[in-house]
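The tour goes stop by stop: select, look, move on.

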Amino acid sequence: MTDAALIGAFLEAQAAERGAAENSLQAYARDLSDVSEWLSGKGRSLLSADPSDIEGYLLHCAAQGFATATRARRLSAIKQVYRFAFEEGLREDNPAIRIAGPGRDKRLPKTLSIPEVDRLLDAADRHGRTASDRSRNRCLMQLLYATGMRVSELVSLPISAARGDPRMLLIRGKGGKERMVPLSPDARAALADWLALREEEDAALRDKRLKPSAYLFASRAKSGHLTRHSFYALIKEIAVEAGVSPAKVTPHILRHAFATHLLENGADLRAIQTFLGHADVATTEIYTHVLEERLRALVLDHHPLARD
């Protein structure tokens, strides 16, 4: 894969899964293109670079007099594209994972409160022109919040993985790795309702000598299933109906909410790592910072010695 193809795939994932703004995507594209050009001058590429190459590039940026914030932003882009490449099975390692930046505050992942998620789930029940649309939307949202799946994993779920009223769902994640995640009662009920409608639709297709889709959330897209971009647009519509700011709601933020709410209610960090499909528990540890921040705010707001 060329650097241009890797960067393009990364940008698409950022837009569809994380809802990255156009300005952010353009910044990623500029930063990563600069890295790629510098590596090319050394006879290397993003997929062949090693940690010393990344460090060399950062030294080059420092020698050019780039501001600390600029160098930190570029290292962040590099780390993210390598994490993407690792999770997609394009590299067996992340050469930037242990490289320290020039000092920038680590941003905590955005998340949603439990009442906000409840409103989103209620709105999904109502959103859609037909009963089939509403059932599908309810199933999508319930599965996403109940499992913490990546949106790419959700939209490409095979229907075979969901038959038989499962209590655990088999998910094929990035790099072809499989994991089992439990389903909540509400998610199981939503899945059963959607499967019943799908059985009716599939039977009608077979009567017409047409082959039903192998995907749980079928569509006419080239992929054969609902696309990440379509689901991203759908979740924004549901947010509006729920009275939750659409700017706060993306598929990836619901994944953060799943992990944060589990941790707040006493779940083990290793279990959350397994549910999310993280290869390294260090990736999951960011959620401990979210909880620590909330606990700190709780103490400052309610402890008698913290009052003025």
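Predicted model: local features only at pLDDT ≥ 70, side-chain atom pairs only at ≥ 80, totals over all residues.

**Stop 1: the second largest pocket**

Start with the lining of the second largest pocket. Its residues divide into four nonpolar, three polar and seven charged.

Residues are numbered from 1 along each chain as its sequence is written, and side-chain values use heavy atoms, with hydrogens and water left out.

The volume of the second largest pocket is about 340 Å³. Now select Trp-194, Arg-198, Glu-201, Ala-218 and Ser-219: of the 14 lining residues, these are the closest to the pocket centre. A pocket here is an open set of points on a 1 Å grid over the protein atoms alone, where a 1.4 Å probe fits, with protein on both sides within 12 Å along at least five of seven lines; lining residues have an atom within 4 Å of a point. Grid points are joined across faces, edges and corners, and the volume is the space filled by probe spheres set on the points.

α8 gives the most, with five residues. Helices are DSSP runs (H or I, at least four residues), numbered from the N terminus.

**Stop 2**

Select Cys-139 in helix α6. Is Cys-139 buried or exposed? Cys-139 is buried, at a relative accessible area of 0%. (Buried means under 20% relative accessible area, exposed over 50%, partly exposed in between, with a 1.4 Å probe and protein chains only.) Show its contacts, leaving aside neighbours within four places in sequence: Ala-190, Leu-191, Trp-194 and Phe-217. Contact means heavy atoms within 4.5 Å. Then draw a distance from Cys-139 to Leu-195, 56 residues apart along the chain: their C-alpha atoms are separated by 9.4 Å.

Go to Asp-202 in helix α8. Asp-202 is buried too, with a relative accessible area of 3%. Leaving aside neighbours within four places in sequence, Asp-202 is in contact with Ile-159, Arg-163 and Pro-212.

**Stop 3: salt bridges**

How many salt bridges does a search of the whole structure find? The search finds 17. The criterion is a side-chain nitrogen of Lys or Arg within 4 Å of a carboxyl oxygen of Asp or Glu.

Select Arg-138 and Asp-193. Their side chains meet in a salt bridge (2.8 Å, N to O). Arg-138 lies in helix α6 and Asp-193 in helix α8, so the bridge ties together parts 55 residues apart in sequence. Arg-138 is partly exposed at 21% relative accessibility; Asp-193 is partly exposed at 40%.

Next, Arg-74 and Asp-34. This salt bridge has its closest N and O atoms 2.8 Å apart. Arg-74 sits in helix α4 (residues 68-87) and Asp-34 in helix α2 (residues 22-41), 40 residues apart. Arg-74 is buried at 12% relative accessible area, whereas Asp-34 is partly exposed at 26%.

Now jump to Lys-248 and Glu-116, whose side chains meet in a salt bridge (2.5 Å, N to O). Lys-248 is in the loop between α9 (228-242) and α10 (251-264), and Glu-116 is in helix α5 (residues 114-126), so the pair ties together parts 132 residues apart in sequence. Lys-248 is partly exposed at 34% relative accessibility. Glu-116 is buried at 14%.

**Stop 4: aromatic rings**

The structure holds four aromatic pairs. Select Phe-10 and Tyr-28, an edge-to-face pair: 5.4 Å centre to centre, 80° between the planes. Rings of Phe, Tyr and Trp (its six-membered ring) pair if their centres lie within 6.5 Å; planes under 30 degrees apart count as stacked, over 60 as edge-to-face and the rest as tilted. Phe-10 lies in helix α1 (residues 3-18) and Tyr-28 in helix α2, so this pair ties together parts 18 residues apart in sequence. Both Phe-10 and Tyr-28 are buried.

Phe-84 lies in helix α4, so its pair with Phe-10 of helix α1 ties together parts 74 residues apart in sequence. Phe-84 is buried at 8% relative accessibility, and Phe-10 at 1%. Keep the three on screen: ring pairs link Phe-10, Tyr-28 and Phe-84 into a cluster.

Methods. Helix = DSSP H or I, 4+ residues; strand = E, 2+ residues; numbered from the N terminus. Nonpolar A, V, L, I, M, F, W, Y, C, P; charged D, E, K, R; others polar.
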